[in-house]
Amino acid sequence: MKSVLRFKAKLIPVLGLVSIGPSPPLFALGHLLQYLRCYSGAATKWQNETGSIKCNDLLNEFTTYCYQRDLPGAMKALNSLQIHKIWADAVTYSELIKCCLARGAIEQGKRVHQHVFSNGYEPKTFLVNTLINMYVKFNMLDEAQALFDQMSDRNVVSWTTMIAAYSSAKINNKALEFLILMLRDGVRPNMFTYSSVLRACDDLSNLRQLHCSILKVGLEFDVFVRSALIDVYSKMGQLECALCTFNEMVTGDLVVWNSIIGGFAQNSDGDDALTLFKRMKRAGFSADQSTLTSVLRACTSLALLEVGSQVHVHVLKFQRDLILNNALLDMYCKCGNLEDAHKIFTRMVEKDVISWSTMIIGYAQNGFSRKALELLKEMKVSGIKPNYITVLGVLFACSHAGLVEDGQYYFRSMKKLFGIDPGREHYGCMVDLLGRSGKLDEAVKLIHEMECEPDAVTWRTLLGACRVHRKMDLAEYAAKQIIKLDPSDAGTYILLSNIYAHTHKWEDVVDLRKSMRERGVKKEPGCSWVEVNKQIHAFIMGDNSHPQIEEIKKELNQIIWRLKEVGYVPDTNFVLQDLEGEQMEDSLLYHSEKIAVAFGVLSLSREKTIRIRKNLRICGDCHLFAKLLAQIERRSIVIRDPIRYHHFQDGICSCGDYW
């Protein structure tokens, strides 16, 4: 710039000299040409310097906007770069792409893509990977795939990004295909590749092949890979394989502990989940939110209220997230403690459809059907839209309270009200509702109108209603449908056997039991669990292994004697019809829930609720037994069977004798 100014200063007198006189001297013209040549060179240099300054200014401006996450400013600066055919570095573009992702700015992201590939510019692999990841995050897999296909140089990040994308989208075959192509391309998978592709594995043989591949490359001890292996084995129900993978080495990472505890909890193996939790604590690990969520699920599957309440104390140490709050809510509902469940629910700042559905189903299963329907109205006012499970809970509430009109309204209107097509479970609830209310013809008609084929559960529901209303012909028809669909269903054989016996069809009883023996079908023994001082005590009919069994039986006999004084008569309709007299009463006497209740009376103070969980549906005789005992002992008894919860107090059950 200074050279240009000096040139201008010298040029002024020369120009003055040229302008004097009629004709300029030759030496003056020579000087003029010489200075013009000098000026031309200086001007060009000045232009180059000015252009360079302008480029730097544009780049600095663009970079500043990108790092400040000023999307409008950055896009405006990007247009200027495009006009001047200027490109920034890859890291700056990646910052802009992050900004587009944060704002959900799809069009702006596409504009960045167009710019970095314009005018023959070839972006670095790092930047192309960032763009692919952007499309993946925007759920635009076709665009991501197209960009991936254009790449001349793909590295492990490129392949892993696509594998993870297809895995997350549940396009499992594509994820596995990409792993094979990656290996053929000579790119070695890393821990992130394997942890991603493992989650796309839904076939045990493929999983074992992947496991072998992981062992070959020595990645089996990586935290992410090991955790993914445990998760997938657990998802497939292969808990022994999951545990072997976990036990292969002493783990030093909480993530792996969470995977194995979560795997057992999700497979309803609460005992082992809690045992692993104790091991984890002894190993010196502190539980986090993920751990506690799994432990609460374990307590839920076992209906362990005391242990669950103890876990709740640990939960209070954390800033509870929605998932943990929902797990806590579910635990209290499934353990039959609606009072604490209601407290948790009302204090939750954030509620989602799972929170509302859990509470609605909790009320329905615990016999508070009207409250469940009221909560549905509150849910709609809150702006949360009910889902498939919510409506199922509502129909369950109607079916277990005889609310026929309400049930029919919600079933017929669920598509219009909530945009949900009725599924097999919804039809099952309606069959149950109609059957319980004695409308068996309507129930059968609805089964034949189902858009999906009725399964064994649907027919089993009808069979239960036929038993209640003594519809023997229809019961036989329903039972035969169940046996066609599920030949190993022992309960149906037993019930059908009882139906034949009730109508004195003894030859049919013999044939049916012969068929059971030939098919290897055995009746599942009734089992009941009761929690006393944070310990689980299990009782099975005919099993005398409990150390206090003689004392328990003595207590049970005394209870029966006291109940008979107030009018209790054992209902022998709930035993096999070919037993006689005292044999029938003895069979009823030692039902597992009666033994568990007697142990609860022995072990717990009158103020404590006796909480029983059982594997089979409670029979009518045991239901009557619990009602009368709750009345004469002034106790609260809760029995949870696979269908619902029965709260017995003051001689009344929460189900209203409608179960």
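Figure 1. Cys527 has 10% relative accessibility, so Cys527 counts as buried (under 20% relative accessible area is buried, over 50% is exposed, and partly exposed lies in between, with a 1.4 Å probe and protein chains only). Keep in mind that this is a predicted model, where local features need pLDDT of at least 70, side-chain atom pairs count only at pLDDT 80 or more, and totals for chains, interfaces and linings use all residues. Residues are numbered from 1 along each chain as its sequence is written, and side-chain values use heavy atoms, with hydrogens and water left out. How many disulfides are there? The count is 0, taking a disulfide as a pair of cysteine sulfur atoms within 2.5 Å. For Cys244, the closest cysteine sulfur belongs to Cys241 and sits 6.4 Å away, so the two are too far apart for a bond.

**Figure 2. The whole protein, for orientation.** You'll find 33 helices and 6 strands here; these are DSSP runs numbered from the N terminus, with helices (H or I) of at least four residues and strands (E) of at least two. Of the 659 residues, 48% are buried. Take the contacts between residues at least 6 apart in sequence: 63% of them join residues at least 24 apart, a contact being heavy atoms within 4.5 Å. The accessible surface is about 33400 Å², and carbon and sulfur atoms hold 53% of it (Shrake-Rupley method, 1.4 Å probe; for residues, only the protein chains shown count as cover).

**Figure 3. The second largest pocket.** This pocket has a volume of about 490 Å³. It has 22 lining residues, and the closest to its centre are Asn326, Asp330, Lys334, Ile354 and Thr358. On a 1 Å grid over the protein atoms alone, a pocket is an open set of points with protein on both sides within 12 Å along at least five of seven lines, a cavity is a set where a 1.4 Å probe fits but cannot get out, and lining residues have an atom within 4 Å of a point. Points are joined across faces, edges and corners, and a volume is the space filled by probe spheres set on them. Helices H14 (254–266), H16 (289–302), H18 (322–334) and H20 (353–365) each give at least two residues to the pocket lining. By class, that lining has 8 nonpolar, 10 polar and 4 charged residues (Ala, Val, Leu, Ile, Met, Phe, Trp, Tyr, Cys and Pro are nonpolar, Asp, Glu, Lys and Arg charged, and the others, Gly among them, polar).

**Figure 4. The largest cavity.** The structure holds 2 cavities of 30 Å³ or more, and the largest cavity has about 50 Å³ of space. Its lining includes Lys334, Cys335, Gly336 and Tyr645. Strands S3 (610–614) and S4 (637–640) are the elements that give two or more residues, with S3 supplying the largest share, 3 residues.

**Figure 5. The second largest cavity.** Here there is about 40 Å³ of space. Among the lining residues are Leu302, Trp529, Glu531 and Ile536. Strand S1 (527–532) and S3 each supply at least two. The lining splits into 6 nonpolar, no polar and 3 charged residues.

**Figure 6. Two loop residues with positive phi.** Most residues other than glycine have a negative phi. Asn119, with phi near 55 degrees, is in the loop between helices H5 (106–116) and H6 (125–137). Lys170, with phi near 65 degrees, is in the loop between helices H8 (156–168) and H9 (172–184). Is Lys170 buried or exposed? Its relative accessible area is 64%, so Lys170 is exposed.
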